[in-house]
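Thank you all for coming.

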Amino acid sequence: MRMRFIADMMLGRLARWLRLYGYDTLYGVEDDDEIIRVASQEGRVILTRDSGLAGRAGRLGVEVFLLKSNSLEGQVEELKELGVRFGRLLPSKARCPKCNGPIRIAPKEAVRGKVPECVYERYEEFYVCERCGQIYWPGRQWTEMLKVDKKLRRES
Ligand SMILES: [Zn+2]
């Protein structure tokens, strides 16, 4: 089964990227006990830079990845060493970076009036988050993300 995660409050950027890579990743739980409880209940791996939290989770038998790096790139490298795979970024496989919901292809007709007119005219490919309704298309932001993706996946 694919790994699922819960990231602590220090790892928001990493959480958004894991979602983009298709990993079911919870983020936004502030309380350490709650993080441990949710991880244990849902079989999620805790991601943290806090050795205190990592120690407590470990003693309770909850799987935890203690990360050392400050940077997104460094954190991704550490996860790779821990066996997390980062395949090519594909919108059809991504989860919503905002809410972790599943994303599916939306027929062009379905987004009429929900995206700016110029975007509607220009793009043929649209995706929608099934949970929060956010609409995505392969625009400028996606191009920027592909640049980061390339950097993150470069073999070191
Ligand atoms: Zn969403």
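Is arginine 44 buried or exposed? With a relative accessible area of 5%, arginine 44 is buried, where buried means under 20% relative accessible area, exposed means over 50% and partly exposed lies in between, using a 1.4 Å probe and protein chains only. Before I go on, please keep in mind that this is a predicted model, in which local features need pLDDT of at least 70 and side-chain atom pairs count only at pLDDT 80 or more, while totals for chains, interfaces and linings use all residues. Residues are numbered from 1 along each chain as its sequence is written, and side-chain values use heavy atoms, with hydrogens and water left out.

Back to arginine 44, then, which forms a salt bridge with aspartate 24, their closest N and O atoms being 2.9 Å apart; by salt bridge I mean a side-chain nitrogen of Lys or Arg within 4 Å of a carboxyl oxygen of Asp or Glu. Arginine 44 sits in the loop between helix 2 (32-42) and strand 3 (45-48), and aspartate 24 in the loop between helix 1 (12-20) and strand 2 (25-27), so the pair ties together parts that are 20 residues apart in sequence. Helices (H or I, at least four residues) and strands (E, at least two) are DSSP runs, numbered from the N terminus. Aspartate 24 also counts as buried, at 13% relative accessibility.

By the salt-bridge rule the count comes to 14. Another of these joins glutamate 144 to lysine 147, at 3.3 Å from N to O, and these two residues, three apart in helix 6 (residues 140-153), are separated by about one helical turn. Here glutamate 144 is partly exposed at 40%, whereas lysine 147 is exposed at 51%. Salt bridges that share partners also join Arg4, Asp24, Glu42, Arg44 and Arg95 into one network.

Let me turn to the metal site. Which residues hold the zinc ion as protein donors? They are Cys96, Cys99, Cys129 and Cys132, each through its SG atom, lying 2.3 Å from the ion; donors are N, O and S atoms within 2.8 Å of the metal (3.2 Å for Na, K and Ca), and since water is not among the atoms, sites may look incomplete. The angles among the four donor atoms run from 98 to 115°, and the site is tetrahedral, a label given to four donors if all angles lie between 85 and 135 degrees. Along the sequence, the donor residues follow the spacing C-x2-C-x29-C-x2-C. Cysteine 99, in the loop between helix 4 (72-81) and strand 5 (103-106), and cysteine 132, in the loop between strand 6 (126-129) and strand 7 (135-136), are 33 residues apart, and the pair links distant parts of the chain.

Three strands form an open sheet in the order 5-6-7 with antiparallel pairing, two strands being paired if DSSP finds at least two bridges between them. Strands 5 and 7 stand at the edges with a single partner strand each, so one side of each is left without a neighbour in the sheet. Four bridges join strand 5 to strand 6, and alanine 106 stands opposite phenylalanine 126 in strand 6.

To finish with the whole protein, there are six helices and seven strands, and buried residues make up 43% of the 156 residues.

Notes. Tetrahedral: all angles 85-135°; square planar, octahedral: opposite > 155°, others 65-115°.
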